[in-house]
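Subject: Structure handover

Hi,

Here is the structure we spoke about. Please open it alongside this message.

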Amino acid sequence: MAYCRWGADGSAVYVYDSAYGGTTCCGCLLDNGDIVVNDPLYGTHAEMIEHLRLHQKHGHHVPEYVFTELANSPDHPLEVSDL
Ligand SMILES: [Zn+2]
């Protein structure tokens, strides 16, 4: 599920629970060291909240309800592949 989409309430981030496990910050504006695919993926919502606070420090707008939603939703763990 998506916690927020770009432009919704002025949001600068697009955050959702990935179908492949984990919670992702799609097309992240922060420099995460990967300029090709910049979709940081976290196994816990606490880590995503920390990540979104970093966005706020950079002046990116993150609607406050996103933090509430993440804090109140069960973590979406990274899937472990047996392949
Ligand atoms: Zn991000």
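Below is what was found in it, from the overall fold to single residues.

First, a caution: this is a predicted model.

**Overall**

The protein chain has 2 helices and 4 strands. From the N terminus, the order is β-β-β-β-α-α. The chain has 83 residues, and 20% of them count as buried. Take the contacts between residues at least 6 apart in sequence: 45% of these join residues at least 24 apart.

**Core**

The largest nonpolar core holds 12 residues. They are Tyr3, Cys4, Val13, Val15, Cys25, Cys28, Tyr42, Met48, Leu52, Val62, Val66 and Leu70. Strand 1 (2-4), helix 1 (45-57) and helix 2 (64-72) each supply at least two residues of this core. As background, nonpolar side chains in soluble globular proteins tend to be buried together.

Val15 is a member worth a look. Which residues does valine 15 contact, leaving aside neighbours within four places in sequence? The list is Ala2, Tyr3, Cys4, Thr23, Cys25, Met48 and Val66. Of these, Tyr3, Cys4, Cys25, Met48 and Val66 are also in the core.

**Helix pair**

The axes of helix 1 and helix 2 come within 9 Å and cross at roughly 165°. Angles over 145 degrees count as roughly antiparallel, so that is how these two helices run relative to each other. The crossing of helix 1 past helix 2 is left-handed. Helix 1 brings His45, Met48, Ile49 and Leu52 to the contact. Helix 2 brings Val66, Phe67, Leu70 and Ala71. By type, the contact residues split into 7 nonpolar, 1 polar and no charged.

**Loop between strand 1 and strand 2**

Two residues here deserve a check. Aspartate 9 sits in the loop between strand 1 and strand 2 (15-17). Its phi is near 55°, a positive value in a residue other than glycine. Is aspartate 9 buried or exposed? Aspartate 9 is exposed, because 12 other C-beta atoms lie within 10 Å, and the exposed class takes 12 or fewer.

Alanine 8 is in the loop between strand 1 and strand 2 as well. With 13 other C-beta atoms within 10 Å, alanine 8 is partly exposed. Alanine 8 and valine 62 are 54 residues apart in sequence. In space they are 9.6 Å apart, C-alpha to C-alpha.

Best wishes

Definitions and conventions
Residues numbered from 1 in each chain as written. Predicted model: local features only at pLDDT ≥ 70, side-chain atom pairs only at ≥ 80, totals over all residues. Core = buried A, V, L, I, M, F, W, Y, C linked by C-beta atoms within 7 Å. Contact = placed C-beta atoms within 7 Å. Axes fitted to C-alpha atoms, helices over the stretch in contact; angles between N-to-C directions. Parallel < 35°, antiparallel > 145°, perpendicular 65-115°, else oblique. Left-handed = near helix turned anticlockwise from the far one by under 90°. Nonpolar A, V, L, I, M, F, W, Y, C, P; charged D, E, K, R; others polar.
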